[in-house]
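Here is a friendly briefing to read alongside the model. Please keep the structure open as you go through the points.

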Amino acid sequence: MKQRRSSFMAIGIPSMFVIFAVLCLVILSLLSLGTSRQDMQSSQRSLEQTTAYYQACAQASENYQTIADYIHQICGEDISKNTYDSDMSTVSSLCPNASWDSQKETVFFSVPMNDEQSVFVEISASWSQMLSGTSPEITVWKTISTKTWNPDTRQPVYQSSNSHTSEN
């Protein structure tokens, strides 16, 4: 009988260790799989956002070049400030979302990146500098949020239906 017990102990305890080790390895592999899936999703979102940003920047660069060419074209001949302002007010026909601010002598536009963000560009194009042959200068190039933030200001508090009924 003693020999059976010792043989059971000799086979049983190592078997328990093997089962425990396999269980630990399965749990570790499942945790690794979950982490790698999260990393992959995060990387895909980052790739999509980076691609959208660079596409918007490429479009903004094209818009800048179109506007700069237009400015050089209208400044090729000596024009008055009023003519320059009236010509620049039509810049929206060249590039979508482009606007001319005659007081600041700037052109600004935005190029959408996604549903929530855009690349905003502001170009300094003063009449005196353009007549001297200077190229328009980019003064602002930034990513802006186009979606308004609506914070959750609710404070859910339990209210019993019996607490509001009062009989007089």
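C24 is partly exposed, at a relative accessible area of 35%, whereas C95 is buried, at 1%. Here buried stands for under 20% relative accessible area, exposed for over 50%, and partly exposed for what lies in between, using a 1.4 Å probe and protein chains only. The count of disulfides comes to 0, where a disulfide is a pair of cysteine sulfur atoms within 2.5 Å. As a reminder, such a bond is a covalent one between the sulfur atoms of two cysteines.

This is a predicted model, so local features need pLDDT of at least 70 and side-chain atom pairs count only at pLDDT 80 or more, while totals for chains, interfaces and linings use all residues. Residues are numbered from 1 along each chain as its sequence is written, and side-chain values use heavy atoms, with hydrogens and water left out.

**Overall layout**

- The chain has 3 helices and 4 strands, taken as DSSP runs numbered from the N terminus (helices: H or I, at least four residues; strands: E, at least two).
- Along the sequence, these elements follow the pattern α-α-β-β-β-α-β.
- Of the 168 residues in the chain, 22% count as buried.

- L30 is exposed, with a relative accessible area of 55%.

**Helix α2 and its buried face**

- Helix α2 covers residues 81-88, and its buried residues are Y84, D85 and M88.
- Looking down the axis of α2, these buried residues fall within an arc of 95°, so they line one face of the helix; the arc is that of the directions from the helix axis to the C-beta atoms.

**Aromatic pairs**

- The structure holds 3 aromatic pairs, which are rings of Phe, Tyr and Trp (its six-membered ring) with centres within 6.5 Å; planes under 30 degrees apart count as stacked, over 60 as edge-to-face and the rest as tilted.
- Y84 and W100 have ring centres 5.7 Å apart and planes at 90°, so this pair is edge-to-face.
- That pair links distant parts of the chain, with Y84 in helix α2 and W100 in strand β1 (residues 99-101), 16 residues apart.
- Y84 and W100 are both buried.
- F108 and F120 form a tilted pair, 6.3 Å from centre to centre and with 35° between the planes.
- This pair also links distant parts of the chain: F108 sits in strand β2 (residues 106-112) and F120 in strand β3 (residues 117-124), 12 residues apart.
- F108 counts as partly exposed at 28% relative accessibility, while F120 counts as buried at 19%.

**Salt bridges**

- A search of the whole structure finds 3 salt bridges, each being a side-chain nitrogen of Lys or Arg within 4 Å of a carboxyl oxygen of Asp or Glu.
- K81 and D85 meet through their side chains in a salt bridge of 3.4 Å, N to O.
- Both K81 and D85 lie in helix α2, 4 residues apart, or about one turn of the helix.
- K81 counts as partly exposed at 30% relative accessibility, and D85 is buried, with a relative accessible area of 17%.
- K81 forms a salt bridge with E105 too, and here the closest N and O atoms are 2.6 Å apart.
- The K81 and E105 pair links distant parts of the chain, from helix α2 to the loop between β1 and β2, 24 residues apart.
- E105 counts as buried at 13% relative accessibility.
- K147 forms a salt bridge with E116, with the closest N and O atoms 3.7 Å apart.
- K147 lies in the segment after β4 (137-145) and E116 in the loop between β2 and β3, 31 residues apart, linking distant parts of the chain.
- K147 counts as exposed at 51% relative accessibility, whereas E116 is partly exposed at 41%.
- Through shared partners, salt bridges join K81, D85 and E105 into one network.
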